[in-house]
Every structure is written in structure tokens, then in C-alpha cells.
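Subject: Structure for your reading

Dear colleague,

Please find below the structure I promised to hand over, followed by my notes on what was found in it.

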Amino acid sequence: MDALGMVLVADLGKSRCRLELRSGDEVLARADQHGFPGLGVTDGARLAFELLEDTAAMLPRELTAAGPSGSPLSAFGAAVAGVEASAESSRKLASLLSGRFGVPAAVLSDATAAQLGAMQGAPGTVLVVGTGAVAFRFDDGGQLHRADGWGPLLGDRGSGRWIGQRGLEAVVQAFDGGPETSLSAAAGALVEDPLLLPAWLGGSENPYRSMARFAPLVLHAAQAGDAVARGIVDEACQILAGTVTRANGGHGRVAVLGGLASSVFFAGLLHKTLASAGMEVVEPLGDGMDGAALAATRRGLLQERYIHRDGTNWPD
């Protein structure tokens with residue numbers, strides 16, 4: 001990538017838009033703001049483009065000037081929520097980005113970008129565990145295999161939302177006379193009384209994200225020896241191992257990414273569970289932003305059929 005100059009790399013999700021200006025492995029500048037509904041909505045490509053353009057405007061102007069002749073940019077890679085919903089919108093977004101910044105543009109799903117970054121283009125499985133949970137595998141032929149990622153109403157089992165929700169359920173069950181747990185006191189960080197939990201969740205702009213906020217407290221209680229919390233965490237690890245098994249058949253390498261993976265305690269338990277299920281756990285070589293950068297600067301990747309490019313004949 002060093003010979004290609006500077007690259008704009010984006011991670012555009014439903015809750016957050018991150019943009020980085022990179023030169024090789026060095027991040028020269030960053031910008032961060034709100035997310036958007038996803039490419040599958042009406043006029044999704046235009047909405048995504050305008051948000052990315054607006055976010056890029058937050059970077060030093062001299063670094064992102066439009067036009068291939070005067071621009072120091074060489075490529076734009078964007079990992080975007082909702083790519084699976086519309087290939088047409090994905091290609092349109094790539095075209096819009098290429099036209100605006102005067103460089104080749106690649107658009108791919110956040111999941112493809114995560115796998116691409118973690119495995120640096122090689123086959124293998126990535127388990128992403130944050131507010132949601134999903135496992136993705138690219139096999140030797142470049143075919144995508146997926147398990148879970150169905151969202152908080154139908155899936156995302158074992159995720160931060162799932163752990164937080166189970167923890168809050170344990171709090172109200174303890175209030176009703178169920179097993180005592182230190183999570184009851186921990187819930188005081190959210191509300192003064194368990195009776196207020198339904199109204200707190202109901203009044204939240206995003207109740208699923210609010211439930212996920214309780215997950216770190218569940219992990220802390222589990223690490224401190226709370227039996228109820230430890231049972232929740234152990235069950236989450238077993239569920240996630242099952243998710244990975246459905247994606248890769250219980251074979252091959254798996255890397256773990258996402259907010260929950262940043263917990264040394266949780267990551268240790270999860271890695272042991274995956275290893276016990278016969279899977280080789282490897283350290284990710286990068287993240288979704290790295291995957292988007294790789295897609296923007298290299299063609300002919302194993303994952304190529306899932307990368308939407310701007311359609312112009314840019315030199316390799």
C-alpha cells in the first residue's frame with residue numbers, strides 16, 4: 001500500500017461512521033460521527049455518500065482535494081452496513097465515491113471487511129462479538145458462509161446485547177424471589193430500583209444498545225465469582241462456539257473481533273470454549289478498517305465477488 005499513496009478508509013454502520021486517512025499502516029487523520037440506516041433503505045446509496053462526504057470534510061482539506069490529478073489520494077475503501085441488501089446500491093455508492101474523490105472506490109459489507117482484515121485475504125472464519133454476534137467464513141473457493149447476525153429480535157445470541165439482557169432478567173428474577181446475584185446492585189448504575197428497568201428500556205432510543213451497556217457489568221460480576229453472572233457468560237461462550245461451528249463446520253481457523261473480545265476475561269473463556277470444540281483460534285491480523293483498505297488497494301482477492309467496485313478501468 002505504501003507505493004499507492006494515501007487511502008481513505010471508512011466503516012459506516014448503523015450507529016457510527018468512522019473515517020481514516022491512511023498512508024500505509026500509518027493513520028494520518030480521523031473523523032467520527034453518527035451512522036445511517038443502511039444501504040437497503042430508499043436512496044441508501046445517496047444517504048451513505050452524503051454522510052461519507054460530510055465526514056471526509058472534517059479531515060484536513062488539503063489532504064482530500066477532489067480530482068485525480070491534484071489529489072494525493074489513491075483509493076477509497078468503505079465497509080458499509082446493508083451491502084448484502086442491495087448490490088445495485090453498493091455499486092452506485094462506489095461510483096459516487098469514485099466520482100467525488102477521483103480515485104478507485106471499493107464498497108463491501110462490514111462483515112466481509114472484518115474477515116478480510118482479520119485474515120488479510122486468506123480463507124478462514126471470523127466471529128464478531130459486539131452488541132450483535134455473527135460468524136463469517138470464506139472457504140478456499142471464496143464462497144461466503146454465515147451464521148447468526150439475525151439481529152436482536154431473531155438472533156445475535158451470545159452477544160453483548162444477549163449477555164446484558166440475560167443479566168437484567170436475572171436482576172428482575174432476583175427481585176421476584178429468584179437466585180440472589182450481585183447483578184442487582186450492579187443494576188444501580190442504570191436505575192435506582194429494579195421496578196424502573198422496564199420504563200428505562202422502553203424510553204431508550206435504542207433498547208438493544210442499552211441492554212448491551214449492562215454486559216460489562218455482567219462480565220465483571222462473573223469474574224468476581226457471582227454464580228448467576230458466570231452461568232450467563234459460560235452459556236454465551238457455548239452459544240458462540242455453536243455459531244462458529246455452523247459457519248465453519250467446526251474446522252479451520254477462527255479469529256475473534258468485536259467489543260466483547262476486548263475483555264481479557266471474556267476472550268479467555270471464549271477461546272478455551274472454541275479450542276475445546278476443536279477449532280484453532282488465531283489472533284486477527286487486522287480489523288474491518290484494515291479489510292476495507294485492503295479491498296481498496298488490491299484486486300483479485302479471494303473475497304472479490306463480494307466487493308463492489310466503481311466500474312472504471314483503474315490501473316492495478
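Throughout these notes, a residue is called buried when its relative accessible area is under 20%, exposed when that area is over 50%, and partly exposed in between, with a 1.4 Å probe and protein chains only. This is a predicted model, in which local features need pLDDT of at least 70 and side-chain atom pairs count only at pLDDT 80 or more, while totals for chains, interfaces and linings use all residues. Residues are numbered from 1 along each chain as its sequence is written, and side-chain values use heavy atoms, with hydrogens and water left out.

Proline 60 sits in the loop between H1 and strand E4 (73-80), where helices (H or I, at least four residues) and strands (E, at least two) are DSSP runs numbered from the N terminus. Between the C-alpha atoms of proline 60 and phenylalanine 266, which are 206 residues apart along the chain, the separation is 39 Å.

In soluble globular proteins, nonpolar side chains tend to be buried together. The largest core here has 43 residues, and those with the most contacts inside it are Ile163, Leu183, Phe214 and Phe266. Helix H9 gives the most to this core, with ten residues. Apart from it lies another core, of 31 residues, among them Leu8, Ala45, Ala48 and Ala56. Returning to the largest core, if contact is taken as heavy atoms within 4.5 Å, isoleucine 163 touches Gly158, Ala215, Val218, Ile232, Ala236, Leu260 and Phe266, not counting residues up to four places away in sequence.

Helix H3 (residues 110-119) is mostly covered, with nine of its ten residues buried. The buried residues of H3 pack against E4, E5, strand E6 (124-129), strand E7 (133-138), strand E9 (253-257) and helix H11 (288-297). Just after H3, glutamine 120 takes a positive phi of about 50 degrees. Serine 109, in strand E5 (residues 105-109), counts as buried at 4% relative accessibility, and, leaving aside neighbours within four places in sequence, serine 109 is in contact with Ala79, Val80, Val83 and Glu84.

Now to the charged residues. Side chains of opposite charge can pair when their charged atoms come close. With a salt bridge defined as a side-chain nitrogen of Lys or Arg within 4 Å of a carboxyl oxygen of Asp or Glu, the count comes to nine salt bridges.

Which residues are linked in a network of salt bridges? They are Glu20, Arg22, Arg30 and Asp290. Glutamate 20 belongs to strand E2 (residues 17-23) and is buried at 7% relative accessibility, and arginine 22 is buried as well. In the salt bridge between arginine 22 and glutamate 20, the closest N and O atoms are 2.9 Å apart. The side chain of glutamate 20 also makes a polar contact of 3.4 Å with the side chain of arginine 30, a polar contact being a pair of N or O atoms within 3.5 Å, of which, within protein, one must be able to donate a hydrogen and the other to accept it, and residues adjacent in sequence count only if both atoms are side-chain atoms.

A further salt bridge joins the side chains of glutamate 53 and arginine 100 (3.0 Å, N to O). Glutamate 53 lies in helix H1 (residues 44-56) and arginine 100 in helix H2 (residues 87-101), so the pair ties together parts that are 47 residues apart in sequence. Glutamate 53 is partly exposed at 28% relative accessibility, and arginine 100 is partly exposed at 26%.

Aspartate 234 and arginine 230 also form a salt bridge, with the closest N and O atoms 2.9 Å apart. Both lie in helix H9 (residues 227-248), four residues apart, about one turn of the helix.

With kind regards

How values were computed: Core = buried A, V, L, I, M, F, W, Y, C linked by side-chain atoms within 4.5 Å.
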